Amino acid sequence: MTTAETVHDTGESEGVRGPGALRQYWQQLRQDHLGMLGLLLVVLMVGSAILADVVAPYEATKVMVGPRLAPPSWDHWLGTDHLGRDVLSRVIMGGRVALMVAMAALGAALSLGLLLGLIAGFGPQWLDNGMLLIFDAVRAFPVIIFALAVVTLLGPSLSTVIFVVAVTSIPIYARVVRTQTQSLKNNEFILAERAMGAGTPRILGVHILPNVIGPLLILASMDVPLVITLEAGLSFLGMGVRPPTPSWGTILNDGYNYIRNSPWPVVAGGIPIILTTLGFTFLGEALRDIFDPKLRKDL
Amino acid sequence: MTQGDAALLDVNRLSLDFGSPRGRVHALRDVTVSVPKGRIVGVVGESGCGKSTLAFAIIRLLAGNAEVTGGEIVFEGQNLLDLNARQMRALRGQRMSMIFQDPMTALNPIRTIEQQMVDIQYRAPGGQAGKRRHAAEALDRVGIPDPESRLQAYPHQFSGGMRQRICIAMALLVEPALLLADEPTTALDATLEVQIIDLLKDLQRDIGCSVLFVSHHLGTVAELCDDVVVMYAGEVVERGSVRDIFNNPGHPYTQALLQCDPGRIRERTRHLPTIPGNVPNLLGMPRGCIFKDRCPHVFDRCRHERPAHHAIATDGHTASCHLLDQTAEAPA
Amino acid sequence: MSALLDVENLRVRFRSLGMLRALATGVDDPFIDAVCDVSFQVREGETLGLVGESGSGKSTIARTIMGLTPAHDGSSIRFGGDELVGLPQRSFTAHRRHMTMMFQDPVGSLSPRLTVRSLVTEPFKIHGITGRDLDKEAKRLLEMVGLTEDFARRFPHQLSGGQARRVGVARALALDPKLIIADEPTAGLDVSVQGEVLNLLARLQDELGIAILIITHNLNVVRHITDRMAIMYLGRFVEQGPTEDIFHNPRHPYTEALLSANPEPDPDARKNRVEIKGEVPSLMNRPQGCEFHNRCNYAQDLCRRKAPGVSDAGDGHVYTCHFPLDGG
C-alpha cells in the first residue's frame with residue numbers, strides 16, 4: 001500500500017486571516033466613502049467624549065462665564081445659553097453623557113439579549129414559544145409610555161434612561177440571536193459536535209456564540225444613534241438627565257425656550273445629534289457590508 | 001467537430017474576469033467552443049474550471065462583478081456581446097433557454113405551474129386557453145402524468161425529478177434553437193438521472209435544437225453528448241467528438257480525469273488513481289501551460305510557453321499540449 | 001471475526017402530523033417509519049456499504065447509531081457488546097470515543113470559527129482527556145491524513161473540499177476509534193479528489209484495523225472500497241451481501257436497476273439498461289404487498305398482495321423478493 005501524497009499548504013486558497021485579513025477589511029472600508037465619513041464622525045465624537053475635560057474650554061455647568069444668550073464669538077465658539085454657560089463645553093460634555101447612556105444601555109441589552117436569544121433558539125419548542133410571547137409583548141409596548149411609567153415610579157435620572165433603553169432593546173437583540181441560533185443549530189457542524197459527544201454549554205459557547213456575535217455587534221453599532229436620540233428625547237421631555245448635567249436633549253430644551261431671541265443653543269444641540277446619528281449609521285452599514293453581505297437581506 | 005454544418009453558436013476566444021477584493025480572477029481565458037445545429041455539445045471539467053461561467057456568459061446572466069475582456073459570442077450570426085439588454089431579453093426564452101442545477105429553487109414557489117408556464121408565453125399570440133393547452137401538452141411531453149390537473153399544482157407539490165421535468169418543459173415550450181443545461185442531473189438520484197438524460201435525448205431529437213450540456217459527470221456526458229469540450233482552470237484543453245475524447249484522449253489532463261473515474265476501473269482496487277496537486281490560483285495570469293504543475297509529462301517548454309491547440313485527428317479533435325506539436329522536436 | 005456493531009430490527013419513526021392535527025383528522029397513527037426492520041452487522045476491521053437513493057433512510061440509520069435520533073422500542077443496537085438503545089445521554093458519550101461519524105458536507109461539518117488545530121484536538125477537550133500536548137497531537141493527526149503542519153492555523157473556509165475532508169478524517173481518528181461511520185464521504189468532491197479520500201480511508205483501515213460503515217449513493221465507490229453492501233429502499237433493506245457477489249449477481253430487481261442506472265463513461269457502452277418507472281413513493285403512503293411492485297419490471301399478482309420474506313442465497317447474501325433474478 002503506497003501512502004497518500006502529503007498535501008502541502010500552498011497558501012493560495014481564500015483569504016488567510018490574521019493581519020492580512022484585517023488589512024483587507026481596512027482597504028474595503030477605505031473604498032467606502034460614506035463609511036470613512038462615518039468612521040471620522042464616530043472617532044471625533046468618541047474622542048471628544050473621552051477627552052471632554054481637556055477639550056472643553058470652560059466648565060460645562062458653571063454659570064455666567066460670559067454674557068447670556070450671546071452669539072458665537074472667539075471666546076465662545078457656539079455662543080452661550082440663558083444662564084451664560086458656554087454651549088460648546090456643554091455640547092462636548094453632553095456627548096459624554098450620550099455615549100455613556102448608549103454604552104451602558106446597549107451593553108446590558110446586548111448581553112441579556114444574547115443570553116435569552118441563545119436559550120430560546122436552542123431550548124425546547126415550548127420555551128421558545130413562551131419567550132417569544134414575552135419578547136413581542138415588551139416590544140409592542142410604546143417606548144415613551146413605558147418611559148413615562150418608569151419615570152413616575154423611579155424619578156427622572158440617568159439610570160432611568162439606561163434602564164428604559166435596555167429593557168426595550170433586549171427583545172430586539174434576543175429575537176435576532178434566536179433566529180440565528182435556530183438556523184445554526186441544524187447545521188451539519190453542530191450535528192458533528194453532538195455526534196462527538198459535546199454538551200449543550202460547549203455547543204452554545206464554542207460553536208454558536210462566535211457565529212452570532214459579529215452580526216449582533218454591527219446591529220448594535222447601528223442602534224447607537226437610536227439610543228442617543230432616545231436619551232435626548234427623554235431629556236428634552238424632562239424625563240432623563242437632571243439639570244444642571246448637560247445632555248443634548250436638555251441643551252435643546254433650554255434653547256427652545258429662547259429660540260426667538262437666540263437660535264444658537266438649539267442649533268448647537270441639534271447638530272451633534274444629527275452628526276452622530278449619521279456617523280454611526282454610515283459606519284454600521286459599511287461594516288455590515290464588509291463583514292456580512294448576507295445580513296442586508298436578513299434584516 | 002463535424003464540418004459542413006453551419007455552427008449555431010460560436011464562442012471565439014472568450015476571456016472573462018471576475019472582480020474580487022483580492023484582485024481580478026481570470027475565470028475564462030481564450031475559450032473557443034462551437035455548437036453546430038442540432039448537436040449536443042458537452043462541457044466537462046472539475047469544479048472551478050469555468051464551465052458554468054461559460055454557460056452563464058452565453059445567456060448573459062452573470063453576476064455584476066464579471067467583465068468580458070475579449071472575444072465574441074456569435075449566435076445565429078450576431079455577436080451577443082454587442083446586443084443591449086432589451087435585445088438580449090428578446091433572445092432569452094425565445095431563441096435560447098436554460099435549465100439549472102437545482103430544480104428545487106428554479107421555480108417560483110408561490111405561483112402555480114400553470115401561471116408560470118402561461119407567463120413565459122407572453123410573447124406568443126393567442127388567448128389564455130390556447131397557452132394553457134400548450135402548457136399541458138409540454139408537461140405531457142416530458143412525462144408528467146395527468147398534466148391537465150397538475151397544472152393547478154404548486155412547485156412544492158412535486159418531487160425533485162418532476163420539478164426538473166417541469167423546468168425542461170418550460171425551457172422547451174418556445175422550441176428554442178439553443179438549450180443551455182447547467183448540471184441538470186447533479187441534484188437527482190441515479191435512477192432519475194438516467195430518466196432525465198433519456199428525456200433530454202428524445203426531446204432534442206424531436207425539436208432538433210442544439211444543446212450545450214455542462215456537467216462534471218463523465219458518465220452522463222458520454223451517454224448524452226455528440227461532441228465534448230474539456231475545460232481546466234478556465235481554459236479549453238481539449239475538444240473533439242465524444243468517441244475521440246473517451247477513447248483517445250490527447251491532453252494529459254483528460255487522460256488523468258478519465259483514469260480517475262472509478263466507473264472506468266474494471267478491476268476492484270483499494271488504491272484509486274488521483275491527480276496530485278491543486279488547481280492553480282486564477283488571480284494572476286498563469287505562465288506557460290495551465291496544467292504544468294500537475295502534469296506527469298511536463299518538460300521545459302511547458303513552463304514558459306502556453307501551448308496552442310494542436311490537431312490530433314483530422315475530424316477536429318484538438319488538444320492544447322506541446323507534446324502534440326508535430327513541428328517541434330520531441331522533448332529529450 | 002466477531003461483530004463490532006450489531007443492529008437488530010432497527011425501527012425509526014418520525015412524527016408526520018402534529019398532535020392536534022392528528023386528533024382533528026382522526027389519524028390514529030401520525031407517524032411514518034423512516035427505517036423499518038433493519039438488521040445488519042459490522043465486523044471488526046471490515047467495510048460495509050449502505051446504498052440507497054435520497055430518502056431511503058440510510059442517513060437516518062447512521063444518526064440513530066450515533067444516538068442523534070432515537071430508535072423505536074424493540075430495536076437493538078449493540079456496539080462492542082453493549083446495548084445502546086435506551087441509554088441515557090451521559091453514558092452514551094463514553095461510547096462516542098470508540099465510534100465517530102463523518103458528515104456529508106466536508107466544509108459545512110467543521111465549525112467555521114475554529115482553526116484546524118482546535119478542530120482536530122476538540123475530541124480531547126470534549127472527553128476531558130488532559131495531559132497531552134495538543135500541538136503535538138494536532139501535528140500527529142494531520143500527518144496521518146497527509147496534511148502538513150501549516151494547515152493547523154487555517155480556518156475551514158480556507159480549505160478546499162478535499163482538504164476539509166482530510167481534516168474531518170483527522171478529527172474522527174483523534175481518539176483511536178473502532179468504528180467510523182462515513183455519510184457520503186465523497187459527496188461534492190471532484191473525481192480526482194474522491195480517489196484521494198477513499199485511498200486515505202483504505203490505508204487507515206489497513207494500518208489501524210478500523211471498521212467503516214459507508215453510506216453513499218455512489219455505486220462506483222461502493223464497489224472499490226466495501227467488503228459487503230446493503231441496498232435500501234423505502235427504509236428497508238431489499239438486498240444484503242458480499243459486494244462482489246451483489247455486483248455480479250444481483251437478486252432484487254431494484255438492485256439490478258440501480259446498478260444499471262450508473263451511466264458509464266464510455267460512449268460505446270450501449271448496454272441494455274434496465275430502467276425503472278416512476279419515482280420513489282412517499283413514506284406516508286407505502287404500497288401494499290411488496291413495496292417495490294409498482295415500479296418493478298417483473299411484478300406479478302402475488303407481489304401486489306403479499307410482502308416477500310427474507311430469502312438466503314448463501315454466503316450471507318440475502319434479499320426480499322418473490323421472484324428473484326436468476327444468478328448468472
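Residues are numbered from 1 along each chain as its sequence is written, and chains are lettered from A and ligands numbered from 1 in the order in which they are written. Because the model is predicted, local features need pLDDT of at least 70 and side-chain atom pairs count only at pLDDT 80 or more, while totals for chains, interfaces and linings use all residues; side-chain values use heavy atoms, with hydrogens and water left out.

The average pLDDT (the predictor's confidence in each residue, from 0 to 100) of chain A is 79, and 89% of the residues score at least 70. In residues 10-19 of chain A, where pLDDT stays under 50, the model has 19 contacts beyond four places in sequence, a contact being heavy atoms within 4.5 Å. In residues 293-299 of chain A, pLDDT also stays under 50, and the model has 7 contacts beyond four places in sequence. Where pLDDT is low, the predicted coordinates should not be read in detail.

Chain A has 12 helices and 0 strands; helices (H or I, at least four residues) and strands (E, at least two) are DSSP runs, numbered from the N terminus. UniProt, in an unreviewed entry, assigns "domain: ABC transmembrane type-1" to residues 95-284 of chain A. UniProt positions are given in the numbering used here, feature names are shortened, and annotations may be inferred rather than shown by experiment. Residues 95-284 of chain A are 85% helix and 0% strand, with the end C-alpha atoms 19 Å apart. In chain C, an unreviewed UniProt entry places "domain: ABC transporter" at residues 12-259. This part of chain C is 38% helix and 23% strand, and its end C-alpha atoms are 27 Å apart.

Of the 299 residues in chain A, 46% are buried, where buried means under 20% relative accessible area, exposed over 50%, and partly exposed in between (1.4 Å probe, protein chains only). Of the contacts in chain A between residues at least 6 apart in sequence, 68% join residues at least 24 apart. Helix α8 (residues 188-196) of chain A has 8 of its 9 residues buried, so it is largely enclosed by the rest of the structure. Among the buried residues of α8(A) are A:E188, A:F189 and A:M196. The buried residues of α8(A) pack against α7 (158-185) and α9 of chain A, and also against α2 (58-65), β6 (99-102), α4 (116-126) and α6 (161-173) of chain C. Just after α8(A), A:G197 has a positive phi of about 105 degrees.

Helix α9 (residues 200-236) of chain A contains A:N211, which counts as buried at 11% relative accessibility. A polar atom of the A:N211 side chain lies 2.6 Å from the backbone oxygen of A:H207. Not counting residues up to four places away in sequence, A:N211 touches A:Q180, A:L184 and A:F189 as well as C:P112 and C:R113.

The largest nonpolar core has 64 residues, and those with the most contacts inside it are B:M117, B:I168, B:F213, B:V228 and B:F246. A nonpolar core is a set of buried Ala, Val, Leu, Ile, Met, Phe, Trp, Tyr and Cys residues joined through side-chain atoms within 4.5 Å. Helix α6 (residues 160-172) of chain B supplies the largest share of this core, 8 residues. Another core, of 55 residues, lies apart from it and includes A:L99, A:I170, A:M196 and A:A268. Beyond its neighbours within four places in sequence, B:F246 is in contact with residues including B:L218, B:V228, C:P265 and C:P267.

B:G160, in helix α6 of chain B, is buried, with a relative accessible area of 14%. Leaving out residues up to four places away in sequence, B:G160 touches B:P103, B:M104 and B:L188.

The whole structure has 0 disulfides over all chains, a disulfide being a pair of cysteine sulfur atoms within 2.5 Å. The sulfur of B:C49 lies 14 Å from the closest cysteine sulfur, in B:C225, too far for a bond. For B:C321, the closest cysteine sulfur is in B:C295 at 6.2 Å, also too far for a bond. B:C49 is buried at a relative accessible area of 3%, and B:C321 is buried at 9%.

Definitions and conventions
Polar contact = N/O pair within 3.5 Å; in protein donor to acceptor, adjacent residues only side chain to side chain.
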